Number of protein chains: 2
Amino acid sequence: MKKYRVGVVGALGAVGTEMLKTLEQRDFPIEKIKPLDIPENEGKMIVFRGERVSVEVAREGAFKDLDIALFSAGEAASLKLSPVAAAEGCIVIDNSNAFRMNPAVPLVIPEVNPEDLKWHKKIIANPNCSTIQMLVALKPLHDHFTIRRIVVSTYQAVSGTGIPGMAELESQVRAYTEGKPLDVKVYPHQIAFNAIPHIDVFMENGYSREEMKMVNETHKMLHDDSIAVCPTAVRIPVVRCHSEAINIETEKPISVEEAREILEKAPGVKVMDDLSKNLYPLAADLAGTDYVYVGRIRKDISVENGLNMWVVADNLRKGAALNAVQIAETLIKMNLI
Amino acid sequence: MKKYRVGVVGALGAVGTEMLKTLEQRDFPIEKIKPLDIPENEGKMIVFRGERVSVEVAREGAFKDLDIALFSAGEAASLKLSPVAAAEGCIVIDNSNAFRMNPAVPLVIPEVNPEDLKWHKKIIANPNCSTIQMLVALKPLHDHFTIRRIVVSTYQAVSGTGIPGMAELESQVRAYTEGKPLDVKVYPHQIAFNAIPHIDVFMENGYSREEMKMVNETHKMLHDDSIAVCPTAVRIPVVRCHSEAINIETEKPISVEEAREILEKAPGVKVMDDLSKNLYPLAADLAGTDYVYVGRIRKDISVENGLNMWVVADNLRKGAALNAVQIAETLIKMNLI
């Protein structure tokens with residue numbers, strides 16, 4: 001079996017760390033791993049499959065000996081270095097927002113639209129975390145019942161903001177227990193003991209960019225701009241795993257039993273739904289797991305064809321690192337690399 | 001001006017404490033205050049308007065010298081003692097779920113349906129906290145645009161479970177910072193760093209009772225069972241103030257500008273909505289306040305006539321104690337007592 005030379009850009013960040021861990025855990029066919037990061041981190045060591053590997057600087061020339069580079073170093077770094085990496089012969093799987101809505105770049109969730117990988121031109125975009133878990137759960141239902149409208153409210157973890165977000169919640173919680181004032185640096189407001197309806201920047205239409213990502217990326221990946229999406233994105237004091245309250249309206253009649261049966265067979269999905277046992281997916285339980293978990297599946301009592309559900313996934317794994325690695329795996333499987 | 005003899009049942013609980021504080025702060029015309037609680041708390045002292053008052057036992061006979069009793073001692077106590085209090089000549093304003101859907105009992109938010117107080121038979125029900133803040137914000141919009149459907153996701157504070165809920169979050173957060181295991185007693189799962197889509201018990205239709213309260217109480221107070229309500233109720237690690245992501249569909253066309261103008265004039269509502277200043281209502285800022293705060297007012301981009309908003313209120317004040325006191329004030333104003 002062919003092995004690949006893989007780079008991880010942003011190797012010391014929250015998602016980069018998970019990318020390395022995911023590559024290790026999934027027996028990805030690796031000839032060589034190359035952790036890349038900012039100059040300040042040059043020479044720092046990471047451990048991969050029992051070997052210590054030195055972090056190199058992500059810059060021109062660094063991609064010449066690589067087949068694949070997983071990028072998670074922010075939009076600016078991606079905009080600058082992804083074309084460089086591609087020009088140096090490397091396939092880029094980019095976790096930032098830089099290329100997601102670029103019509104020349106496929107945006108892919110392997111369970112949802114693997115076929116879009118066929119037209120890649122060396123750069124492939126990894127979708128936003130909130131969109132990934134929503135569509136992994138909704139695509140199989142869309143295939144059967146044709147979703148016309150989605151109303152979604154998110155309950156998003158601070159790890160979506162990377163290590164600084166996690167550190168801010170941690171430090172605010174510690175300050176609270178010590179009776180000290182809470183320092184606010186990363187978020188516009190205190191995140192401990194709060195719910196902030198503001199993720200990323202606000203757009204002209206009154207929606208946040210995080211919310212509009214859920215609209216636009218859904219249209220791009222389901223190849224249907226007519227699916228109506230109405231999102232509210234909210235940050236809450238959870239460390240890892242985003243939760244989503246999702247309501248769908250479908251063209252065809254939909255029953256809880258059929259929906260559950262379809263979701264139980266759906267790739268990447270685990271149904272956790274037994275109210276008699278207080279069983280439903282919970283953010284605090286699912287850190288480090290790979291599936292999109294669906295519970296509270298119930299008939300929408302307010303429309304004829306509608307369904308509600310509660311969807312939880314680890315935003316750093318399936319919402320970011322794992323989906324990127326799965327894109328690489330799918331490229332291999334489809335002989336596109 | 002006539003003064004009243006007022007009892008507070010459950011005087012040492014989270015809501016009872018707020019009821020006393022609210023009565024004190026609002027210059028309610030009080031001749032005598034009588035804190036009532038379980039036998040274990042007999043003789044404990046509270047301070048009201050600078051005087052120490054001894055807690056008496058809530059039991060038969062305790063209501064004979066009272067004009068009004070505000071109950072917040074749980075459903076069982078209300079079912080047992082409200083009829084007793086009423087028989088002893090006292091008007092009961094009950095904060096529990098015991099009588100809310102009883103067709104012989106008015107369920108009232110003074111800003112929404114004060115006219116229902118006219119047919120009271122000595123017992124008046126105070127609505128569920130989540131419903132109160134939702135309808136204070138929606139009633140003025142309903143009057144203008146006729147709401148046909150509401151999709152709502154809640155972000156509810158632990159004080160909704162009273163003092164034990166607040167103590168549980170506090171102790172779990174302390175245990176976390178000390179690296180100790182988290183004790184789970186009050187909620188079915190850990191509440192610190194989590195989002196639990198389970199408030200009150202689950203019903204046969206897959207909805208929680210908290211969710212169905214939002215459906216049924218909306219129908220009762222707006223006198224219209226045809227308004228479709230689709231709720232998801234979620235507990236998050238916030239101490240005080242519930243937040244709600246509310247989506248409405250209206251019969252008539254609705255614009256952000258009109259909606260905002262109407263809400264700015266609406267009784268009990270404060271609009272906090274200036275994205276350029278990161279201004280929107282936040283649970284952590286609004287504890288102890290009396291209004292229903294509305295922000296993130298934006299066009300629903302997924303239907304023709306629709307609007308989204310983010311609604312926050314103190315669940316112990318407007319969601320419970322304050323609304324009960326306002327009911328009493330409205331009874332006085334309408335000469336119904």
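**Cavities, pockets and a sheet**

Biologist: Which residues line the second largest cavity?
Modeller: A cavity is a set of points, on a 1 Å grid over the protein atoms alone, where a 1.4 Å probe fits but cannot get out; lining residues have an atom within 4 Å of a point. Chains A and B both contribute here. The second largest cavity is lined by A:Leu169, A:Val173, A:Ala192, A:Phe193, A:Pro237, B:Val173, B:Phe193 and B:Pro237.

Biologist: What kind of model is this?
Modeller: Residues are numbered from 1 along each chain as its sequence is written, chains are lettered from A and ligands numbered from 1 in the order in which they are written, and side-chain values use heavy atoms, with hydrogens and water left out. Local features need pLDDT of at least 70, side-chain atom pairs count only at pLDDT 80 or more, and totals for chains, interfaces and linings use all residues; the model is predicted.

Biologist: How many residues of each class does the lining of the second largest cavity have?
Modeller: Ala, Val, Leu, Ile, Met, Phe, Trp, Tyr, Cys and Pro count as nonpolar, Asp, Glu, Lys and Arg as charged, and the others, Gly among them, as polar. The space itself is about 40 Å³, where a volume is the space filled by probe spheres set on grid points joined across faces, edges and corners. Its lining has no polar and no charged residues, and the nonpolar count is eight.

Biologist: Which strands each supply at least two residues of the lining of the largest cavity?
Modeller: That cavity holds about 110 Å³ and is lined by 19 residues, with A:Val151, A:Ser153, B:Val151, B:Val152 and B:Ser153 nearest its centre. Strands are DSSP runs of E (at least two residues), helices runs of H or I (at least four), numbered from the N terminus. Both chains supply β9 (147-155), β10 (228-232) and β11 (242-250).

Biologist: What is the volume of the largest pocket?
Modeller: A pocket is an open set of points with protein on both sides within 12 Å along at least five of seven lines. The largest one is lined by 48 residues, and B:Ser72, B:Ala73, B:Gly74, B:Asn95 and B:Gly160 lie nearest its centre. Its volume is about 1,000 Å³.

Biologist: Which helix gives the most to the lining of the largest pocket?
Modeller: In chain B, α1 (14-25), α2 (75-87), α5 (209-222) and α7 (317-333) each supply at least two residues. The top contributor gives five, and it is α2(B).

Biologist: Where does the second largest pocket lie?
Modeller: This pocket has about 860 Å³ of space and 40 lining residues, among them A:Gly74 and A:Asn95. Residues of the lining come from both domains of chain A, whose bounds are an automatic or database assignment. So the pocket lies between domain 1 (4-126 + 320-333) and domain 2 (131-316).

Biologist: What is the strand order of the open sheet in chain A?
Modeller: Two strands pair if DSSP finds at least two bridges between them. The sheet has six strands with parallel pairing, in the order β5-β2-β1-β6-β7-β8.

Biologist: Which strands stand at the edges?
Modeller: Each edge strand has a single partner strand, so one side is left without a neighbour in the sheet. In chain A these are β5 (56-57) and β8 (123-125).

Biologist: Are the side chains of β6(A) buried or exposed?
Modeller: Buried means under 20% relative accessible area, exposed over 50%, partly exposed in between (1.4 Å probe, protein chains only). In a regular strand the side chains alternate between the two faces of the sheet. On one side of β6(A) (68-71) stand A:Ile68 and A:Leu70, on the other A:Ala69 and A:Phe71, and all are buried.

Biologist: Which residue stands opposite A:Leu70 in β7(A)?
Modeller: β6(A) runs parallel to β7(A) (91-94), joined by four bridges. In one of these strands, β7(A), the bridge partner of A:Ile68 is A:Ile91. Opposite A:Leu70 stands A:Ile93.

Biologist: Which residue takes a positive phi in the hairpin of β3(A) and β4(A)?
Modeller: β3 (45-48) and β4 (51-54) of chain A pair in the antiparallel sense over four bridges. A:Ile46 stands opposite A:Val53. Two residues lie between the strands, and the one with phi near 50 degrees is A:Arg49.
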